[in-house]
Amino acid sequence: MSRKCSICNHGRRQEIEHALLRGESNRAVAEQFTVSRGAVAGHFKHVSTALIQARKLGEIECGKSIFLQLRELKLEAQQLRARADRTGDSRTALAALREEIRLVELEARLSGQLDEKPETNIVNVTLDAETARRMTETFLARHRGVNPT
Ligand SMILES: [Zn+2]
């Protein structure tokens, strides 16, 4: 599945993932890094899938994929909230909303640091990721608490 992904093996993979995190479209990222749009979309999809599987096993990856994980967690919180909204479970909806806000704030803070020091802050990103990892673990622990499955 991922063995032939040109983004996984791309020399600027982190930059590509950061661009996606900042919400840039697949097309914009593809143009910026001279890769195909399909490759960008495919990469994001299979990385997300891998993250979901890893999380099911209770493993939280840290480091270069932290931003994608945050994005995925945010999406999950949104889905949880949407589901709770539909069933009228306002307590769960509120909890999910709080986590969403927390994740957005964290994401913005990490992105802001990246923007201030582009290119050469890989060490800083790794340190931030450690903090982020702890926060995602906290989120997951709470998430399990509000989601019976
Ligand atoms: Zn890939």
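Two residues are in contact if their C-beta atoms, placed from the backbone, lie within 7 Å. On that basis, 54% of the contacts with a separation of 6 or more in the protein chain are between residues 24 or more positions apart.

Please note that this is a predicted model, in which local features need pLDDT of at least 70 and side-chain atom pairs count only at pLDDT 80 or more, while totals for chains, interfaces and linings use all residues. Residues are numbered from 1 along each chain as its sequence is written.

I turn to the fold. The protein chain has six helices and zero strands; these are DSSP runs numbered from the N terminus, with at least four residues (H or I) for a helix and at least two (E) for a strand. Of the 149 residues, 24% are buried. A residue is buried if 20 or more other C-beta atoms lie within 10 Å of its own, exposed if 12 or fewer, and partly exposed in between, with C-beta atoms placed from the backbone.

Next, the interior. A nonpolar core is a set of buried Ala, Val, Leu, Ile, Met, Phe, Trp, Tyr and Cys residues joined through C-beta atoms within 7 Å. The largest one has nine residues, including Leu70, Ala84 and Leu106. Helices H4 (66-87) and H5 (90-116) each supply at least two of its residues, and the largest share, five residues, comes from H4. Another core, of seven residues, lies apart from it and includes Ile16 and Val29.

Thr34 sits between helix H2 (26-33) and helix H3 (37-56). Although not a glycine, Thr34 has a positive phi of about 50 degrees. Why does Thr34 count as exposed? Because Thr34 has 8 C-beta neighbours inside 10 Å.
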